[in-house]
Amino acid sequence: MAQMKYFYELTISSSPHIHSKTTTATIMRDVLIALVPALCGSVYFFGLRALIMVLLSCAGCVFFEWAYRRLLRLDSTVHDGSALVTGALLAFVCPVTLPYWCLLIGDFFAIVVVKQLFGGIGRNFMNPALAARAFLFSWAAYMSSWVVPGFNLTGAWSTADAVTAATPLAAMHQGSLEGVNLLSLFLGNVGGSLGETSALLLLLGAAYLLIRRVISIRIPAAYLLTVAVLTFLFPRGNDRLTWMAAQLCGGGLMLGAFFMATDYVTSPITKWGQVLFGIGCGVITVVIRYFGSYAEGVSYAILVMNACVALLDRVGRPVKFGAPKKEAVSK
């Protein structure tokens, strides 16, 4: 019988070999959609100026990214939508009374200093929006002026008539829940930054991201559970459950846990690394809220843990299948 020979054509190409319809642009689009409920809430509670700030911040981030890459003769990346997300998140963590020029400075810092100088999207080691928020506290008087919800601030250019008040976290920082209403905290009828007042609206957006599988539940769950356990075990002279619920709904915890800590670039990629990342964020948040001079600790907790991502991925790296036990332990 004659020997039969078969020839197969093999095409070799560079990675990745697994293709998907999911792209950076589609992910950023889903994040923007998830932010819509909180944006609508901020406009309802704080007026038209809240919408103007978000739109201005998005436009500023897009412009600075386009201008930087045009100046250095690099390919434009504004079409991926990451600059829009950075702009929206930065506006969300700022008070509605922040001057526009100050917000634009934050946009420049987030895009040029934190993102582009490190090589652009995928190469920055910390969250651009949170880094810009920390930088904007150089103007602490502007960044700590909170408007009373329901004032309906409609002035596009002036905030002179705004009625300001302390946030619920400021009261809890003193170890008291006096004047703090849990229902108001959950619905958003409290003073604070644009996108961090309503826990309910943020949870709606988070549910969308989870359903779309844009984010994993590991980091938010580890983050929120850590804060819940610590605040329940160590209440400050109040009912344990009430104190814990107020800490979970107050400030930017929901915004940070679901929209900031889950950033693909600045969070671990290993499963155990993500869990440890969330636990670390929770511990640092509670420590700052309890013992720091600043009432809110979410931003700085996430930024600190951003600097530990490489170590967490090393610790959480799974053991190579089939590797000898001695080799796995040594590594």
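Student: Which residues line the second largest cavity, and how should I read such a feature?

Tutor: Rolling a probe the size of a water molecule over the atoms shows where empty space is left. On a 1 Å grid over the protein atoms alone, a cavity is a set of points where a 1.4 Å probe fits but cannot get out, a pocket is an open set with protein on both sides within 12 Å along at least five of seven lines, and lining residues have an atom within 4 Å of a point. Here the second largest cavity is lined by L169, M172, H173, R236, W243, Q247, R289, Y290 and A295. The elements that give two or more residues to this lining are α7, α11 (240-249) and α13 (271-291), and α7 gives the most, with 3 residues. This is a predicted model, in which local features need pLDDT of at least 70 and side-chain atom pairs count only at pLDDT 80 or more, while totals for chains, interfaces and linings use all residues. Residues are numbered from 1 along each chain as its sequence is written, and side-chain values use heavy atoms, with hydrogens and water left out.

Student: What volume does the second largest cavity have, and what classes of residue form its lining?

Tutor: A volume is the space filled by probe spheres set on the grid points, which are joined across faces, edges and corners, and for the second largest cavity it comes to about 50 Å³. Its lining has 5 nonpolar, 2 polar and 2 charged residues, where Ala, Val, Leu, Ile, Met, Phe, Trp, Tyr, Cys and Pro count as nonpolar, Asp, Glu, Lys and Arg as charged, and the others, Gly among them, as polar.

Student: How many cavities of 30 Å³ or more are there, and what lines the largest cavity?

Tutor: The count is 3 cavities of 30 Å³ or more, and the largest cavity has a volume of about 60 Å³. Its lining consists of V93, L130, R133, E196, G252, L255, G256, M260, E296, V298 and S299. Two or more of the lining residues come from each of α5, α12 and α14 (298-306), with the largest share, 3 residues, coming from α12. By class, this lining has 5 nonpolar, 3 polar and 3 charged residues.

Student: Where are the largest pockets lined, and by which residues?

Tutor: The largest pocket has a volume of about 500 Å³, and of its 25 lining residues, M28, I121, D263, Y264 and V265 lie nearest its centre. Elements giving two or more residues to that lining are α1 (24-46), α3 (82-92), α5 (128-136) and α12. The second largest pocket holds about 250 Å³ of space, and among its 22 lining residues W146, T167, L169, E196 and E296 are the closest to its centre. Helix α7 (residues 168-173) supplies the largest share of the lining of the second largest pocket, 3 residues. L169 also lines the second largest cavity, and E196 and E296 also line the largest cavity.

Student: How many helices and strands does the chain have, and is helix α12 largely enclosed or open?

Tutor: Helices (H or I, at least four residues) and strands (E, at least two) are DSSP runs, numbered from the N terminus, and this chain has 16 helices and 0 strands. In helix α12 (residues 253-260), 8 of the 8 residues are buried, so this helix is largely enclosed by the rest of the structure. Buried means under 20% relative accessible area, exposed over 50%, and partly exposed in between (1.4 Å probe, protein chains only). Of the 331 residues of the chain, 48% count as buried.

Student: Which residues touch the most other members of the largest nonpolar core?

Tutor: In soluble globular proteins, nonpolar side chains tend to be buried together. A nonpolar core is a set of buried Ala, Val, Leu, Ile, Met, Phe, Trp, Tyr and Cys residues joined through side-chain atoms within 4.5 Å. The largest one here has 80 residues, of which Y223 and F259 touch the most other members, and α1 gives the most to this core, with 9 residues. Not counting residues up to four places away in sequence, F259 touches V31, A34, L35, L89, L202, G205, A206, L209 and M254, a contact being heavy atoms within 4.5 Å.

Student: Where does R73 lie, and is R73 buried or exposed?

Tutor: R73 lies in the loop between α2 (48-71) and α3, and R73 is exposed, with a relative accessible area of 81%. Although R73 is not a glycine, its phi is positive, at about 60 degrees. R213, in the loop between α9 (199-211) and α10 (218-233), is likewise a residue other than glycine with a positive phi, near 60 degrees, and R213 counts as exposed at 74% relative accessibility.
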